[in-house]
Amino acid sequence: MNVAATMPRDYSLIGRDSRRAEELGLASAEWYKAPIARKRLKELMQRSDEAAIRDTILWIAAFLVTGGLAITFWPGWWSLPFFLAYGVLYGSSSDSRWHECGHGTAFRTRWMNDAVYQVACFMIMREPTVWRWSHARHHTDTIIVGRDPEIAVMRPTQIAKVILSFIAVPQVWAATRSILRHAMGRMTAEEETFIPDMERPKLFLTARIWLAIHLGVIALAIMTGSILPMLLVGPLPTMYGAWLHVMTGLTQHAGLAEDVLDHRLNSRTVYMNPVLRFLYWNMNYHIEHHMFPMVPYHALPKLHEELKPWMPKPYASCFAAYREIIPAILRQMRDPGWYVKRKLPDGLEPVDMMTRASIAAARG
Amino acid sequence: MPHWVEACDRDDVEPEDVIRFDHDGRTFAIYRAPDDRYYATEGLCTHEEAHLADGLVMDHIIECPKHNGRFDYRTGAAQGAPVCINLKTYPVKLEAGKVMIDLA
């Protein structure tokens with residue numbers, strides 16, 4: 001029986017479903033991994049600076065061109081298309097950059113990962129310390145209710161929140177409160193469950209630096225009598241450029257199973273065009289990324305080919321994914337226990353909650 | 001007093017790689033560095049107990065397969081979040097083509 005079908009889920013990290021996840025053996029559990037040969041996996045895990053340096057030079061150049069032309073044509077209407085492009089770079093491509101560099105896989109050289117991580121985190125308003133640790137938990141307990149702090153669409157679906165997320169209203173509201181809280185040296189009870197004590201001074205310092213930068217941009221706008229600085233740096237470009245990362249990000253897990261120990265059941269791999277894959281750094285190969293997070297973004301297409309025999313059929317496009325996601329999350333508004341069941345290749349068994357619960361029961 | 005245990009043949013570990021060695025209910029990781037020196041640490045990551053032998057060796061760093069936490073396997077030193085606690089290391093010697101570790 002699906003527990004989610006009978007009672008509302010508690011997504012808090014310190015609530016009823018958090019305790020339930022631990023009791024069922026879903027917390028920090030062993031997950032299904034496709035049986036790829038160690039030798040081949042090791043080849044795919046190899047790090048290189050080359051691809052990420054090339055992509056980062058292109059990324060910076062795109063910022064300079066779009067931002068430069070937006071400033072050049074400001075305040076005329078011709079600046080609008082350049083701001084729209086700049087916003088996508090600022091508020092959306094930063095999503096994949098913080099993510100990959102947070103894993104430490106984009107570059108081989110550590111300081112390069114750290115530098116891009118800090119910049120991208122600022123753009124998307126995700127505090128580096130909080131998100132490094134929340135993302136570690138997301139990988140340990142992917143879409144386990146009460147354990148995963150990064151479940152984007154909780155059930156029953158709050159559709160207004162999903163729609164507003166395309167212009168980052170809930171994200172920026174939450175980030176602003178969080179930055180202010182951390183700048184004052186305080187944390188939430190939930191954050192205390194996944195951020196170690198030794199990381200806290202760094203968390204508070206970063207929040208204070210960010211606050212100073214944001215206040216500095218506002219002061220510059222007031223001094224120059226123009227909103228232009230705020231359109232280039234701060235919450236506004238995070239918001240007007242968010243739509244693309246939300247569009248790609250929702251394909252990762254929305255509408256799929258909760259409380260399973262098999263990424264093939266709670267994640268999607270979606271084919272995307274080369275432009276999207278550049279902006280998204282191949283995170284469309286999301287099942288593969290979750291199963292083997294040590295494989296850098298530039299090797300994910302190869303990993304995808306290797307893992308095909310064990311994987312569900314990938315979605316042909318974002319359009320194909322959204323043909324499933326939209327009806328699914330609408331249905332989950334009134335039927336929160338319902339979810340999309342992925343079909344595995346013939347003869348392969350999924351590892352679901354009941355499998356794990358049976359194992360836990362057998363262990364006594 | 002040293003307690004040397006045979007872990008593997010020296011050729012069982014490829015250059016710049018790691019293998020798992022289980023002994024007496026404990027698990028260890030045996031490393032072969034790019035300079036052909038051998039090292040040993042406890043086998044599980046101090047963050048969430050993933051087997052380090054499934055990870056990636058880069059120069060003198062072992063990266064955990066679960067959250068990409070990194071350690072210097074020569075000293076066991078954690079290299080930063082999400083790993084905060086150092087790994088325990090064990091002395092290693094080569095003897096007649098075998099990798100021996102001291103579990104004392």
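Predicted model: local features only at pLDDT ≥ 70, side-chain atom pairs only at ≥ 80, totals over all residues.

Reply: For 104 residues, a compact globule would have a radius of gyration near 13 Å, and chain B agrees, with 13 Å. Its C-alpha trace spans about 40 × 25 × 20 Å along the principal axes. Chain B has 11 strands and 0 helices, and 38% of its 104 residues count as buried.

Chain A, where our helix sits, is built from 19 helices and 0 strands. The globule check works here too: 364 residues would give a radius of gyration near 21 Å in a compact globule, and chain A has 21 Å, which agrees. Taken along the principal axes, its C-alpha atoms fill a box of roughly 70 × 40 × 40 Å. Buried residues make up 43% of the chain. Among contacts in chain A with a separation of 6 or more, 70% are between residues 24 or more positions apart.

Now to the helix itself. Helix 13 of chain A covers residues 243–253, and it's mostly covered up, with 8 of its 11 residues buried. Those buried residues are H245(A), V246(A), T248(A), G249(A), L250(A), T251(A), Q252(A) and H253(A). What do they pack against? There's quite a list: helix 5, helix 8 (159–165), helix 14 (263–266), helix 15 (274–280), helix 16 (286–291) and helix 18 (318–334), each of them in chain A. After helix 13 comes G255(A), which has a positive phi, near 85 degrees.

Of those partners, let's take helix 5 of chain A, which runs over residues 79–103. Its axis and the axis of helix 13 of chain A come within 7 Å and cross at roughly 25 degrees. Angles under 35 degrees count as roughly parallel, and the two helices are therefore roughly parallel to each other. On the helix 5 side, the contact is made by V88(A), G91(A), S92(A) and D95(A), while helix 13 of chain A brings L244(A), H245(A) and G249(A). By class, the residues of this contact divide into 2 nonpolar, 4 polar and 1 charged.

M239(A) belongs to helix 12 (residues 235–240) of chain A. Is M239(A) buried or exposed? It counts as buried, because it has 20 C-beta neighbours inside 10 Å. For a sense of distance, M239(A) and H304(A) are 65 residues apart along the chain, and their C-alpha atoms are separated by 32 Å.

Helix 8 of chain A, another of the partners, includes I159(A). This residue is partly exposed, with 13 other C-beta atoms within 10 Å. It is 48 residues from W111(A) in sequence and 40 Å from it in space, C-alpha to C-alpha.

P75(A) sits in the loop between helix 4 (50–73) and helix 5 of chain A, and the peptide bond joining it to W74(A) is cis, with omega about 10 degrees. In the loop between helix 7 (128–140) and helix 8 of chain A you'll find P156(A). The bond from R155(A) to P156(A) is cis as well, with omega near -5 degrees.

Let's finish by stepping back out to the rest of the model. Chain B meets chain A through 12 of its residues, which are in contact with 16 residues of chain A. That side of chain B has 6 nonpolar, 3 polar and 3 charged residues. As for cores, the largest nonpolar one has 87 residues, and A29(B) and I30(B) have the most contacts inside it. Apart from it lies another core, of 12 residues, including A21(A), I143(A), L256(A) and Y339(A).

Key
Residues numbered from 1 in each chain as written. Chains lettered and ligands numbered in written order. Core = buried A, V, L, I, M, F, W, Y, C linked by C-beta atoms within 7 Å. Contact = placed C-beta atoms within 7 Å. Nonpolar A, V, L, I, M, F, W, Y, C, P; charged D, E, K, R; others polar. Axes fitted to C-alpha atoms, helices over the stretch in contact; angles between N-to-C directions. Helix = DSSP H or I, 4+ residues; strand = E, 2+ residues; numbered from the N terminus. Parallel < 35°, antiparallel > 145°, perpendicular 65-115°, else oblique. Rg over C-alpha atoms; globule rule 2.2 N^0.38 Å.
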